[in-house]
Every structure is written in C-alpha cells, then in structure tokens.
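Work through the exercises below with the sequence and the model at hand. Each task is followed by a solution in steps.

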Amino acid sequence: MKRLARYTLTLAFAVTGATQLLAQGAVTGTVKFTGAAPANPKIDMAEEPICKAKYTTAPTDPVVVVNKGGLGNVFISVTSGLPAGAKAAAPSTPGTIDQQGCLYHPRVFGVMAGQSIEIKNSDAVLHNIKAMPKKNRGFNISQPTAGMKTMKTFPVAEAAVPFECNVHGWMKAKVFVMDTPYFAVSDENGAFSLKGLPAGTYTLEAWHEKYGTKTATVTVTATGGTATFTFAAS
Amino acid sequence: MSQRSGLPFWPRHAFWQGVALTIVAYVLFDWGIPALRFVGIPSAPVPNSVVVEFMFIALIGIFMYVSENEARWAEFKQPIQSALVNRDKKWLRSSLLVVLPLFVGFMTFESTRPRVTADIQPRSIHPAPPTSITFRNKTIQLAGLENPLRKQGNLEDHMKEGRRVYYQNCLPCHGDLLDGKGHFGLGFSPTPLAFDGGNLPLLTESFVFWRVAKGGPGLPKEGTPWNSAMPVWEDFLTEDEIWSVIIFLYDQAGFKPRAWEAEGKEAAHE
Amino acid sequence: MNRATAGRYGGKAAGVIFGAALLLTGFPADRLSAQDVQRGKVVYDKWCMGCHGETGLGDGPAAKFMLPPPRDFTGAKYQIRTTASGELPADADIERVVAEGMPGTAMPEWKSKLSGAEQKDVVAYVKSLSTFFEGAQPPAVVAFGKAPGGGADAIADGGKTFEKLECFKCHGMSGRGNGKSSPTLKDDWDFPIRAANLSQNWNFNGGGAVEDIYRRMRTGLDGTPMPSFSDALDAKVITDEQLWHVAQYVRSLSPEESPPAVREVIRAAPVAQGAALPAGPDDSTWSRAEPSFIPMVGQIIAKPRWFAPSVTGIWVQSMHDGNKLAVRVSWDDGSKSPDPAWDEWMARLVKSVTDADGALTPAQGPDRFWVQFPKRVTDEAERPYFLGGNTRRPVYLWRWASTPDASEEGTGTGLGRFAALSGASEMTHAASFTDGRWHVQFTRALVPADTTASPTFGVGRAIPIAFFAGDGSNGETGARGAVSAWYAIYLDVPTPPTVYVMPLVAVLLTAGLGLVVVWRAQQQNRKS
C-alpha cells in the first residue's frame, strides 16, 4: 500500500511539474467512501513464486482501496468550464507504470496525449502488456526479464484505456489520455489535488473502476477551491 | 545386318518393332485410357486384370505380325538368338539370367504380400425421391412441388433469411465457398456435397427440400452412403427456413433450380 | 508487391469511406480506390458478411456458431501481420489472409473462389470499415531476415530460450496449449481463446513453417494474448538467432508430416511371439506401434449440436497378441476435467457460443472418450449409422470418463442411447493424464464370452471403428463433443511363410528355365 502511495505521489509530482508554469489555483479535495468496503479478491500467486515472495500477507487485487473513509485510485478530471479547445503541450517527462509483485503500479493514472508512457518490469518473470484503446492503436508487447523498459505514446485523448497482462489474468490498469493537464488520482486516503486551474467555475468528474462516476461543481479563486466526492458501497 | 536405305536401323527391325509395339500397347492401356478424361471423354483407371487381358491380346497380334513371313520371323528371332549364343553377348546373357528371375520374383511377392484396405463404400448421390414425405406430422407431396416462397413475400427477405440459416447451420460442413470444405467438412465421410459443381442445376427445389428435411438417415435403403452426416433438418428448421435456405443456396451458387417438366413429371434423377 | 499495393491504397486512399452512400454524395476519394471499395463491398456482402457482419463488427449470423469467432474489422486489429505490434497491417498481410485463409479457424482460403482483383477489392473495402486506415501512411514492414541453420543443437537452444522467455506460461511445457495461464486467456473482445497447441502446427493461424512462427513472435498476434517479442530483441534479452531457434524448436514439437495424413485403416500389429501386450497407456511398448491420426470435428448433427469442440484430432495405436486387442488413444486436453481453474474459461465460453439447441451451463463435466464398433462385424457393405448406430443396426461401445476414472461396454442405438452389457465388463481400461495429454488404453479379448452381445475382433479383416471425445472443461457434456467418421481397424496376421517362399520358387524356376533355354540354344547352334 505504501508503494502504491509512493507511485501515486510520483505521478502527482509529475503532473505538478507539468503544470507549474500555470501556477494558479489548486483544487484540493477528498473522495469519500461510505459503507463497508468490500473485501478485495484474493490472488493466487502459487504459480509465480517470484511475485508471491514480495508479499508478507496473501496478495489481493486492490479494486477498492479505502483508508480513513477515503477512496483511492479515483481519477479526477475537468469535464466542463475550461475554454473551448483548451489544449496544452504534453510534458516531456514520461508517465510511468511499473509491474511489481505481479501488479500494476499505479493502477490508475493519467497522461497527456502525446506524452510518453514508460512501461517497466520490476519482476523477474514474463509479463506481457496489452493495451486496448479504442481511439488509439493498441499494442501487445512482452517483457520477459526484470529491468526491461518500453516507451509508448497515445496521440489521441481517450478515457480509461485498459492495460492488462495475459500471463497473469488478474493484472489490470487503466490509463487516461488527456488533452489538458488538469487531472489527478486520489491517493490511498482519497485525497487529491488538481493544480493550475485558472479562476472560474468547473465541473469535475471522479471515476472509479467499480463505482462509476460522480460529478461536482467547484469554483476556483486565486486561493484555489475544494471539491468532495462521495462514493457509497453498493 | 542389313543396311537397307530409308528409315534408320531401329524402327525397321522386326524385333525392335515388336518391343516398341508392346510398350506402346501397355502405355495406352494403363495410362492412355484413364487420361482420356483430361480431353473431356469420361474414363476411369483400367483394372489390372483388364490390362493383363488386353496385353495378352496385343501380344498375340504382335506375334502374328512378326511371324507373318519367313524373312521377318528370322529378323525377329535374330537378336534373341544372338543374345542366347553369341560369345560377345555373354554379359547381356548373364545379366538377363539374373535380372529376369529377380523381376519375376518381385512381381510374385507384390501379388502375394498381404494388403490392407477398408471396404469400399459405394456412393449414389442422387437417389430417387419418394413421392411424398411427412414433415413434422404434415404430409408434403414432392412431385410437382414448387418452392412456395418464390411466390410469396419479398425475395430479398427470403434470401437474407436463407443466408442466416445457411451460415448458422450449413456453413461448418458445406463451407463459405460452397465447396463442401467447411471447417468441419473433412471430418466426415463421405465428405459434404459441394454446391459449386454441377449438381444443383440438375435438381428440383423439391428434391433439395427432401434431402435437407430428411438428411442422411432419411436416405432410401438403396441410396448409399448410409453414413452421410447430413442432419435431419426437420428437427432443427421450419419448412420456411428450409425453403429460404434453398433460395439462398441457388442464388449464392449462381444456378437456377431444375424446373418440373410440363406434364408435371420429373425426369429420373441420376 | 507490398510497395505497389501500398501506393495503390495507402498513399492514395486519402478518403476511406464507409459505404456507397458516401460515395454517391461525391466523397473526394481517389477514383480508383473508391471503385475498389465499391466493388469490394459487393464481394464482401456476398461472401464475407455471413460471418463478419454487415458493418464488419464480426457479428454476422454465424458469429456464435464458431470459435474462434470471426474478426471485428472496425478496430483494424489483425493477427497475421508483417508490421510491429499495434501497427496497421500492410495490404499484403490482409491479402494473404484472404487468399490463404487462417488454418485452425473457420476462415477458408478464398483464392480458389475470388479472382486476384476481387481479393484486392475486398481488402480495400474491409479497410474502409475502420477509421484507422483513414489517411494512414503505409506501415513499416519488419525486416525479418533469414532463418539460421537448424539441426538438433539449434532446436535444443530454442528449447532453452522457450523456457527463458516463459512461453510455457501459456503454451505449456510440452507446448500443448495447457500452460497455467491458458484457462484465463481471452481476446480483446472477451472471447475465450486457446494458447496455440504447439504440437499441432497445422492449426497455426498464420501457418506452421519456421518462418511463420518466427514472424508471429516478432509481431505478436494483435487482438490475442500473444505479444510481440521484438522488444526483447531490442533490449538484448535474447538474440535474433535465439528467437529463430525458438521458432525451430516450436516447429519440432509437431510431426514432420504436417498435417498428418489421414489413413482409412488403423493397423493393429501382432506383438512378437511370446511378448506381452502393453500393460498400460504409458508402457514403452506403445512407442513401437504406428500411430494413426484421426481428425475430430464438432458433433453438429443431433441435438444439442456443438460448434466449438476442444479435441480436433486424436492419435490411435493398436496391438494384439492373438488373444487380446489393445487400443491406445491419445489426445491433447488442457485439463483433467472438471477443474476449477477452467471455471473462468467456461464462463466466457457460455457467453460466446450459441445455445440454440439447449441451455449451456457453465458447469463442468468429466472428460470422456468413446470407441465405437459395429455390434456385429459382417461382410455387408452397410455399416451402422456412424453417429451412435440405431435400433436396426446397433453399435458396440467402449465408454470412458475421467472423473471418476471408469469405463463400461455396452450397446448403442443412437447418440446417447446406451445400454451397458450385463455381467462384468470384458473390456478393461487404464488412463493417464500427463502435461496436457490423455492416453487411454482399452483392452479386450478378441473373442467375447457372448458373441451375440458384442463383436469378435477377427484377424485379417478391416473392422469399422469410430470415436467420440468430450472435454468436460469446454462445456462438452451429453451429446456435445467431437466425433469422427467411420475408420477401420485391421488386426494384422503374422505374415505367412508362403509370402516369402513363393517369390523364391518363382526366381528359381525362372532362372532354371532361362538356363535351359540358353543351354538348348547353344547346343543347337553348335550342331548347326
């Protein structure tokens, strides 16, 4: 879980870096979760001892990450309020996704259209990475050894592009390819921070792989703004 | 050896004429006759026993020819005689004495060694249809029967429906190409009928309806093969579905069904 | 070729169109290309639509009546390419699949039906079904190079690289498509998909030659779980030669003769004088019996039909010792059914394959195998109905199931109509399942105790034999499964000595006669 947080943070920093120039109000907020969080499915890694050894407790598939009432791995983006046709240059630093302990880190992340994605294997086992976008070209590549890195780019904006590994059927990630830099992913406690939005009123959307989407309206001033989303156990 | 003018030595010599005629006769019987089908004359491989019989007759003829007059007979015998006695033909003589017995031995072995073959399964493609059939408890007169869908509704709709029926039911055996080589076709024996050959235009739609409705198990007793994998489609398809797939089939194959003759009688199906 | 066609479609096809309607409105497409597309649509609507659907979504009427299902063209994902993973295919790639078909699937070869021009036209139309080709540059074709020399060392090296690259995760250690990940495999449309059985290269979608295999590893099979291994070359995880060796190793897993010839007659050789019949399916004696390959296809004749059989071929061997007949059947199967690991497969299968003839349930059954003979072996040409016989001409059946491992003999009067013989079974069986392959040996006396209840296996005659196989982890219960046509089993007799004596006599007689003739001729010559 710590690792997950670290990767989410890394990404957040990357996003921050990309948007620093704009240096405007930041929307901070929380994705709340009410009700009892469902138990995540157990993953049987008996066939993959190298990955299994990386866990002290039986690994589970982190579909629903809830801590202190906050929901993690929620992708937050701006759906309206931006000037029409607002576009920004893609940052030169790549977004990264790592295969570690036969799970993807991060599980949900965003990059800008045209921004590189570095796909890395930290496991000494064969992973294949199959990306299945609809508007971009997909790919299916293999990384049979630890340390392999591959760069890929999606030129067209597209939500929730599935990444999966077929050797380990449980491994799944979602990549959001965005036209603007205004997006964030909630951390393990549900907190997120969306930086660089010019003053104005926006509609934000929060997306979760299991619970779907929620929207919220936020007014951003020079001092920023706050937004809260609440997902309920179903 | 004579040095008559005209033809070179070999074709004029009675012995070699005899040899050549024998070879020509064999080639004609064994390969020539089956090859006639390549020039459009129906033929089949000649059974070995018949080839032997033909060769026997041919040899008698050749023998009569070479012995027709004394001179030719002497000419014919001369190389044989020389091979048998001449000092300078010693090698030829010895080789023949070895090769001929071995050849005879080999032929004997070929004819006595055990061979394994499965029983030949005869095949009659177009058995005579019954005059009427029972389709899902309903009696249908086949004689004179036309495809009712051709006079009802929209042909395009029937074609579309027929395409659906074909692709969901017939495709695995009869194939996309109507060539009887669908992805399951080669697993069955006899292999499924190809529709792109000459069969369809010889058949009335009522005949096709009968074959589809009753399938392999519905073949008459004299109509082999008994192991046709053709299902009994009345168990799966309605009457209209069968009529529509027949419309589709003729259209897709580019044939017209055979019409009933004016007096309402169908010429015997071959 | 590639350059020419690329120029024809790729460069000029600035306006790839969706249908004739757009054409009529004067879409500014290149004239030649537009006509290609229009003509291609005619070909497509007649020959391709039944499977691939009106708009190319792979949803034609036949889509649920086959597995793998027909390809959805709208995403421009093509398995068999000469381009890198994720790239569009070259025109020549699509043209090749149209012309040659895809072995192991329902896609036939079209070169015998469509003219060269029609094939190109239909490719132009198929491309127009996806927006990805719109204005796209011709893709770069991967330079594949040439295969290095093969041989035992290359194959052994390929085997090591096969392990290093962990190909076995999906394909299994022996390459029978039974790796640990295999039950979870799905394609991009969530249809269940099998890891290729590498011991049956005649079913490889892109061809079974070493070059074909190498190309598939370089480019991957887009839309399927098979990735490209080109990145592993770039990262120097393996060398190009090693990858070629993997291709050579994979080819070596299939028989030299591919596809194996199908022979009508299975030979049951007599065991050597005094030797015993094999004691079980793993007895090394079996390696001496010649295997016969029998193709198996879906039971699509009686209800409920089954369009997605798992067993597509079996190997049959047989021996007898003058008293007993032993038959060993071998076939590849991903699992010993039922197997909870295959629940995921079953769940996808139920969604993907038609249940037109009755509800398909995701419940697994055992693996099953039946051997069928006529109840009475006669000299008549007519045999019982191949699909389980009927009441007029019943069949004699050996039926085996994996869980519990049991067999029975009985009389069949139609598929699924079975009555076990009374009394103890005279047929015994032994089954083994090793690394994705079943071996089942059936043994029975040549002459049964009751010759009216079951057939006598006489030597020196062809006895009809047929087979049924069911994979319990593939929804194959009841009449669902794979069937064969009638074949024949022939119990060889030891070759009688006359077979050797007669030719010898003939040789001696001819030689003697020859000598006499020569001697007489020379005598006469001397006299004259």
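This is a predicted model: local features need pLDDT of at least 70, side-chain atom pairs count only at pLDDT 80 or more; totals for chains, interfaces and linings use all residues.

**Exercise 1.** Which residues of α8(B) are buried, and what covers them?

Solution. Step one is to apply the cut-off: a residue is buried if 20 or more other C-beta atoms lie within 10 Å of its own. In α8(B) this holds for the run from Ile242(B) through Trp243(B), Ser244(B), Val245(B), Ile246(B), Ile247(B), Phe248(B) and Leu249(B) to Tyr250(B), and also for Gln252(B). Step two is to look for the cover, which includes α6 (155–174) and α7 (205–214) of chain B.

**Exercise 2.** How are α6(B) and α8(B) oriented to each other, and which residues make the contact?

Solution. Two packed helices are described by the angle between their axes and the distance between the axes. Here the axes come within 7 Å and cross at roughly 95°. Angles of 65 to 115 degrees count as roughly perpendicular, and α6(B) and α8(B) are therefore roughly perpendicular to each other. On the α6(B) side, the contact is made by His158(B), Met159(B), Glu161(B), Gly162(B), Arg163(B), Val165(B), Tyr166(B) and Cys170(B). α8(B) supplies Glu241(B), Ser244(B), Val245(B), Ile247(B), Phe248(B), Leu249(B) and Asp251(B). By class, this contact has eight nonpolar, three polar and four charged residues.

**Exercise 3.** Which chains are in contact, and which pair shares the most contacts?

Solution. Two pairs of chains are in contact, and chains B and C share the most contacts. Chains A and B are joined by no contact, and their closest C-alpha atoms lie 28 Å apart. Between chains C and A, 23 residues of chain C are in contact with 20 residues of chain A. On the chain C side, α7 (168–171) and α9 (230–234) each supply at least two residues. That side divides into ten nonpolar, six polar and seven charged residues.

**Exercise 4.** Describe chain A by its secondary structure, burial and contacts.

Solution. Chain A has two helices and 18 strands. Of its 234 residues, 46% are buried. Among contacts in chain A with a separation of 6 or more, 66% are between residues 24 or more positions apart.

Note on methods. Residues are numbered from 1 along each chain as its sequence is written. Chains are lettered from A and ligands numbered from 1 in the order in which they are written. A residue is buried if 20 or more other C-beta atoms lie within 10 Å of its own, exposed if 12 or fewer, and partly exposed in between; C-beta atoms are placed from the backbone. Helices (H or I, at least four residues) and strands (E, at least two) are DSSP runs, numbered from the N terminus. Two residues are in contact if their C-beta atoms, placed from the backbone, lie within 7 Å. Ala, Val, Leu, Ile, Met, Phe, Trp, Tyr, Cys and Pro count as nonpolar, Asp, Glu, Lys and Arg as charged, and the others, Gly among them, as polar. Axes are lines fitted to C-alpha atoms, for helices over the stretch in contact, and angles run from 0 to 180 degrees between N-to-C directions. Angles under 35 degrees count as roughly parallel, over 145 as roughly antiparallel, 65 to 115 as roughly perpendicular and the rest as oblique.
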